[in-house]
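Subject: Structure handover

Hello,

Here is the structure for your files.

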Amino acid sequence: MSTSSPFLSILIILILTPPLSSSPPPTTCIIGTGIAGASVAHFLRRNSHTGPIHIFDRSDVVGGRMATVTIAGDTFEAGASILHPKNYHAVNFTKMLNLEVKNDESDESVSLGIWNGSGFVFKTIEWNSRFSWFRSILGFVNSVRMLVRYGVSLFKMNRFVEVTVDSFLKYYQASESRPIFETVEEMLEWAGLYNLTTRTLHEELIDAGLSSLLIQELATVITRINYGQSVSISGLAGAVSLAGSGGGLWAVEGGNWQMAAGLINRSDVALHMSEEIESISYVGSAYELNSTRGNSYKCDVTVVATPLDELNISFNPKISIPDRKLQHTHATFIRGLWNPAYFGLNHLSDIPELVGTIENSDLPFTCISILKKHSEKDMTYKMFSRQPMTDVLLDQIFSVRNETIRINWGAYPHYHSPEKFAPFMLDGIHLYYVNAFENAASTMETSAVAAENIARLIMSRSSNKPPSISSDYATSGSIRSE
């Protein structure tokens, strides 16, 4: 009879039984260090993603289309420049990263002129004063003058924007009450925004009861400034553009690119700068990414967080996305002094600080604004145009040019209606495209909203269960500097 104890038998079984195999957490590769790519990394970590994350960028600086330019020691936003007070992801990124906020408080007192190529069809009154009470009175007078010209259409435009913003705020609801979206169309339908992408902004504003005068002048000026396009853009992009002209706008002191840099630094990633990905192939059960440096990377999940429209990435198997053109905005920065004679004026003080333009193919620029007054004879300007500004033309607009910097941005999609959307999932496996959402609207905040959905989509499809993100983000109030 055996004298072995039950304890010894159990011990032998445990020793001889092979351990259960556990697969390592997936490796995720992200292409693009703009706000979209940085936000994907951030939200993956918030979803308890523990695997390695690699982020690639062909540039040598982080930030994508968020960038700054320095003229004579002063730094200004060169790319994505303004944030709305209800851009809650950006609000919370800024607080979390302890970044300093620059409020655009001066915008209410900036003089505006609408230029048609031969004269100003509308100008606000400008009068420099150090007394705040006088500036308040002048602001009230200008508001009355604008009301006289555009009437109740001003209130109708504000209402149109408010309704759209309220619908967009649904994307900040707690994750328990918010679905994970597999398509852009599904994401827009859920928030009640899809129909706005099927019609032009002009059609939407007419239906909202706005006058033709306001649409041709004020609304057109705003869409030309923010998207370089006319009111023929799709309704949702147009509403987002109009929202970018309201009060409480802000930016990050020192440059909005710091949001992307801060998120990347907090997300424990391997950063590959100046390394362009030239091919993505699905091999076996993973993606092989090959770079122009001759390096190869194996990734279980791949996220494209930059517009594919002007990239030369080879995909195997091939992907299918709708044709889309980017709207190029040529940003020209000038340190000097503009020429009042170009505008048919006699004095510098007669030129508004912000010159917007109506839709006219003969106009060489969409807008010009004063960024900083160094003295009465020395200022820094920012000009947007659809085509490069030649030296000959600049010398007509400016009497003095001490420094000129030109930047050509593939800034945002060329909008039209009805919009067609690329898929979030480019191959039905684990190849994702954040910038598919840009055909709805292109802003820093919409990129972050799309990125959060992509992160949740990745986690849910990897684990077959919905991820849970703590809902400790502020969704009320506005950001203010201390």
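At what angle do the axes of helix α2 and helix α10 cross? The answer is roughly 30°, and the axes come within 8 Å. Here α2 covers residues 35–46 and α10 covers residues 257–266.

First, the ground rules. This is a predicted model, where local features need pLDDT of at least 70, side-chain atom pairs count only at pLDDT 80 or more, and totals for chains, interfaces and linings use all residues. Residues are numbered from 1 along each chain as its sequence is written, and side-chain values use heavy atoms, with hydrogens and water left out.

Helices (H or I, at least four residues) and strands (E, at least two) are DSSP runs, numbered from the N terminus. Axes are lines fitted to C-alpha atoms, for helices over the stretch in contact, and angles run from 0 to 180 degrees between N-to-C directions.

**Helix pairs**

α2 and α10 are therefore roughly parallel to each other (angles under 35 degrees count as roughly parallel, over 145 as roughly antiparallel, 65 to 115 as roughly perpendicular and the rest as oblique). On the α2 side, the contact (heavy atoms within 4.5 Å) is made by I35, A38, S39 and H42. On the α10 side, M259, A260, L263 and I264 make it.

The second pair is α5 (residues 153–168) and α9 (residues 235–243). Their axes come within 9 Å and cross at roughly 110°. So α5 and α9 are roughly perpendicular to each other. M157, F160, V161, T164 and V165 of α5 meet G235, L236, A239, L242 and A243 of α9.

Leaving out residues up to four places away in sequence, F343 touches W115, F120, W338, I351, V355, F365 and I368.

**Y412**

Is Y412 buried or exposed? Y412 is buried, because its relative accessible area is 10% (buried means under 20%, exposed over 50%, partly exposed in between, with a 1.4 Å probe and protein chains only). Y412 lies in strand β19 (residues 398–413). Its contacts beyond four places in sequence include R65, Y227, K325, E438 and S442. Y412 and S442 are 30 residues apart along the chain, yet their C-alpha atoms are separated by 6.1 Å.

Best wishes
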